[in-house]
Amino acid sequence: MAGFSGHWAFAFGVLGNIVSFFVFLSPLPTFYNIYKKKSTEGYQSIPYVVALFSAMLWIYYAFLKTNTILLITINSFGCFVEIIYVGFYLFYAPKEARVQTVKPLLSSVGGFGAIVLVTQFLFEGVVRVQVVGWICLVFSLCVFAAPLCVVRQVIKTKSVEYMPFLLSVFLTLSAVTWFFYGLLLKDFNIAIPNVLGSIFGILQMVLYVMYNKKEEVFVKEQKLPELKNHVIILHNDKNFPELSEEQIIEIVKLGSLISCTQRFDLSLCMHENITEDHKKWRQALQA
């Protein structure tokens, strides 16, 4: 029976590595948008800093235990990717966002060093593994809870622009696979946090579906006014800047206002002409 559960644990571990590989790569569209806009805008760096810290802790925990090579492989890759993400974020972030990123980053590195020193000098053997395991459990919960700041922003702004859907999907799948891996190994330091990870992942996907539909309805309602009796002159010898939808709407409104003003001036002019003719006609009769 132990051999059977061991084989299944290995299978879920391999599957967890595959899914977690895509979890670490799922923010790539986010950073591609940052690269195109040359700005981090409303994106948050905290999830990536926390994920980096968690990956370092799991590597340390895996080296203290036996038969945990699958934890070492995926978390080593995770450390490498998260370092790139954080560096990329710092490069394009404004000054205030950089400060907000550097502070927790330095705290994470210093905290990891302190954990290693304390557990190496104060604990031994199984106790050391248990202490590091509990620390990993707590910070794994922080990893899954880190996107809650994005969830709060989604609820507040009613927009899913800054909540990557792919990340939510892969986090949920990863949490499920690693839960079964920890359960089959009877390692509850791995299993327990992934229960919460599954719940948070499902919550993010539900919010995405809810607010994404609202955004689609809002976009459909924002229709451009119809253009009637407007002449558009194109000059091939000049390059004009590309206009946004908001600018086009303002131009159309301005054109309508000018048309109304011209009609008003024409009516006023006709009224003045008729009044003048009427005066001349009365003078002719009196003469």
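Is Cys 136 buried or exposed, and what is its relative accessible area? Cys 136 is buried, with a relative accessible area of 1%. Buried here means under 20% relative accessible area, exposed means over 50%, and partly exposed sits in between (1.4 Å probe, protein chains only).

## Before you look around

This is a predicted model, so local features need pLDDT of at least 70, side-chain atom pairs count only at pLDDT 80 or more, and totals for chains, interfaces and linings use all residues. Residues are numbered from 1 along each chain as its sequence is written, and side-chain values use heavy atoms, with hydrogens and water left out.

## The cysteines

Cys 79 counts as buried too, at 11% relative accessibility. As for disulfides (pairs of cysteine sulfur atoms within 2.5 Å), the structure holds zero.

## Helix 1

Helices are DSSP runs of H or I, at least four residues long, numbered from the N terminus. Helix 1 takes in residues 2-25, and Phe 10 has its place there. Phe 10 is exposed, at 52% relative accessible area. Together with Val 14, Ile 18, Phe 21 and Phe 22, Phe 10 forms a nonpolar patch on the surface, with about 440 Å² of accessible area in total.

Gly 6 is also found in helix 1, and it counts as partly exposed at 36% relative accessibility. Gly 6 and Leu 184 are 178 residues apart along the chain, yet their C-alpha atoms are separated by 7.1 Å.

## Helix 8

Just after helix 8, Lys 186 takes a positive phi of about 60°.

## What the record says

An unreviewed UniProt entry carries the annotation "transmembrane region" for residues 6-25, 46-63, 69-92, 104-123, 129-150, 162-184 and 190-211. Such annotations may be inferred rather than shown by experiment; the positions follow the numbering used here, and feature names are shortened.

In the model, residues 69-92 are 100% helix and 0% strand, with end C-alpha atoms 36 Å apart. Residues 190-211 are likewise 100% helix and 0% strand, and their end C-alpha atoms lie 32 Å apart. Strands, for the record, are DSSP runs of E with at least two residues.

Note on methods: Patch = residues over 30% accessible without salt bridge, like charges linked within 9 Å, V, L, I, M, F, W, Y side chains within 5 Å. Areas by Shrake-Rupley, 256 points an atom, 1.4 Å probe, with all protein chains shown as cover. Salt bridge = Lys/Arg side-chain N within 4 Å of Asp/Glu carboxyl O.
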